[in-house]
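Hi,

Here's the structure I promised to send over. Have a look when you get a minute; my notes follow below.

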Amino acid sequence: MKRTALILALALSASPAFAALKPGTRATDFTTQAVLAGDVYSYNLNKALKRGPVVLYFYPKAFTAGCTVEAHEFSEAADDFAAYGASIIGMSADNIDTLKRFSVEACRNKFTVGIASKPVIKNYKVSLPIMGGSNRTTYVIAPDGKVLFAYSELGVKGHVSGALNAVKAWRAANPKGK
């Protein structure tokens with residue numbers, strides 16, 4: 001575990017600023033194996049967008065310190081996001097068994113976590129090559145499929161608050177959810 005954390009820290013410190021999708025970009029649809037409260041199901045972005053904005057956040061590795069803190073912060077804010085009509089999905093390259101545990105222990109049964117495949121990682125410009133997974137990037141995607149908010153930062157700070165502010169602004173501009 002210490003070796004993985006060291007490799008992750010070195011990879012992130014040596015890499016340039018993350019290249020996230022820009023606001024206004026159309027998000028690529030995907031379907032993935034996902035987990036909510038330990039239960040596995042098939043998640044589709046476009047179907048989720050029919051219900052409201054989606055907070056799509058990528059994280060490097062389940063059960064690492066930063067990723068666990070971030071999951072706790074998103075779980076604490078899950079009801080706030082829901083009040084504005086938004087859903088949350090966390091994505092990593094972890095396997096489904098790890099995500100089952102993470103969804104219960106770190107996400108506290110509050111939101112979905114899914115498998116970030118290589119094509120999804122590439123399409124969302126969140127690659128962390130040395131680890132073979134994704135960096136820490138948060139998007140808010142409007143129901144029309146366009147990116148409203150993009151934030152890439154190794155540290156956890158700013159991901160939840162930035163996403164919630166983007167969802168609140170979207171709701172203020174779209175009181176009927178359209």
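Which residues form one aromatic cluster? They are Tyr57, Tyr59, Phe63, Phe74, Phe81, Phe102 and Phe111. Keep in mind that this is a predicted model.

Some background on the fold: the protein chain has 6 helices and 9 strands, and 46% of its 178 residues are buried. If you take the contacts between residues at least 6 apart in sequence, 68% of them join residues at least 24 apart. The chain exposes about 8,700 Å², with carbon and sulfur atoms supplying 56% of that.

Now the aromatics. The structure holds 13 aromatic pairs. One of them is Phe30 with Tyr124: the ring centres are 6.0 Å apart and the planes stand at 90 degrees, so this pair is edge-to-face. Phe30 sits in the loop between helix H1 (2-14) and strand S1 (31-36), while Tyr124 is in the loop between helix H5 (118-123) and strand S6 (127-128), so the pair links parts of the chain 94 residues apart. Both residues are buried.

Phe63 lies in the loop between strand S3 (54-58) and helix H3 (65-83), and Phe102 in helix H4 (residues 96-105), so the pair ties together parts 39 residues apart in sequence. Phe102 is buried, at 0% relative accessibility, whereas Phe63 is partly exposed at 24% relative accessible area.

Cheers

Terms used: Residues numbered from 1 in each chain as written. Predicted model: local features only at pLDDT ≥ 70, side-chain atom pairs only at ≥ 80, totals over all residues. Heavy atoms only, no water. Helix = DSSP H or I, 4+ residues; strand = E, 2+ residues; numbered from the N terminus. Buried < 20%, exposed > 50% of the residue type's maximum accessible area, 1.4 Å probe, protein only. Contact = heavy atoms within 4.5 Å. Areas by Shrake-Rupley, 256 points an atom, 1.4 Å probe, with all protein chains shown as cover. Phe/Tyr/Trp six-rings, centres within 6.5 Å; stacked < 30°, edge-to-face > 60°.
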